[in-house]
Amino acid sequence: MNESITLVLPIPHRCLSPNARVHWTVKAGVTKKARRLAREAVEAEEVCTAPWQAVEAQEAFFFPTNRNRDERNAVAMLKAYYDGIVDSGLIPDDNHQVLSHGQPTFQHDGDNPRVEITITRK
């Protein structure tokens, strides 16, 4: 059986979208916070004794509104989260040799919007 963890994080701030037009200092602050949230979420799981050398990530988005979403933009907004996962030491890098992605899913949850990232060790 493969080892895995599921990180439950807030939907990324809209300024992390590739289509956002915000001042770089605003984006830098939001990016720093997102990286910290992801790092702390991994550290709270207490699973990392040595970096996992190959993983697959599966993203499940739970948005507060039910509408069509651009899959590539939604996944791109997670870049800071994946950098935080690397910062935590769970994986050595977020390149294609270490990290692969499954098909993201999109669901509606008006009461608890979030993104769940399940990382499975290969």
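Analyst: Helices (H or I, at least four residues) and strands (E, at least two) are DSSP runs, numbered from the N terminus. The model is a predicted one, in which local features need pLDDT of at least 70 and side-chain atom pairs count only at pLDDT 80 or more, while totals for chains, interfaces and linings use all residues. Residues are numbered from 1 along each chain as its sequence is written, and side-chain values use heavy atoms, with hydrogens and water left out.

User: In which strand is His 101 found, and is His 101 buried, partly exposed or exposed?

Analyst: His 101 is found in strand 3. Buried means under 20% relative accessible area and exposed over 50%, with partly exposed in between (1.4 Å probe, protein chains only). His 101 has a relative accessible area of 41%, so the residue is partly exposed.

User: How many aromatic pairs does a search of the whole structure find?

Analyst: Rings of Phe, Tyr and Trp (its six-membered ring) pair if their centres lie within 6.5 Å; planes under 30 degrees apart count as stacked, over 60 as edge-to-face and the rest as tilted. By this criterion, the number of aromatic pairs found in the whole structure is three.

User: What kind of pair do the rings of Phe 61 and Phe 63 form?

Analyst: The two ring centres of Phe 61 and Phe 63 are 5.6 Å apart. Their planes lie at 5°, so the pair is stacked.

User: How many residues apart are Phe 63 and Phe 106, and why is their pair classed as it is?

Analyst: The rings of Phe 63 and Phe 106 have centres 6.2 Å apart and planes at 10°, so this pair is stacked. The pair links distant parts of the chain, with Phe 63 in strand 2 (residues 55-63) and Phe 106 in strand 4 (residues 105-108). Phe 63 is buried at 10% relative accessible area, whereas Phe 106 is partly exposed at 30%.

User: The charged end of which residue sits over the ring of Phe 63?

Analyst: A charge sits over a ring if NZ of Lys or CZ of Arg is within 6 Å of the ring centre and within 35 degrees of the ring normal. For the ring of Phe 62, the charged end is that of Arg 114, 3.8 Å from the centre. For the ring of Phe 63, at 3.7 Å from the centre, the residue is Arg 69.

User: Which residue in strand 5 stands opposite Val 8?

Analyst: Two strands pair if DSSP finds at least two bridges between them. Six bridges join strand 1 to strand 5 (residues 114-121), and these strands run antiparallel. Opposite Val 8 stands Glu 116.

User: Where is Glu 46 placed, and what is its phi?

Analyst: Glu 46 lies in the loop between helix 1 (24-45) and strand 2. Its relative accessible area is 73%, so Glu 46 is exposed. Most residues other than glycine have a negative phi. Glu 46, a residue other than glycine, has a positive phi, near 50°.
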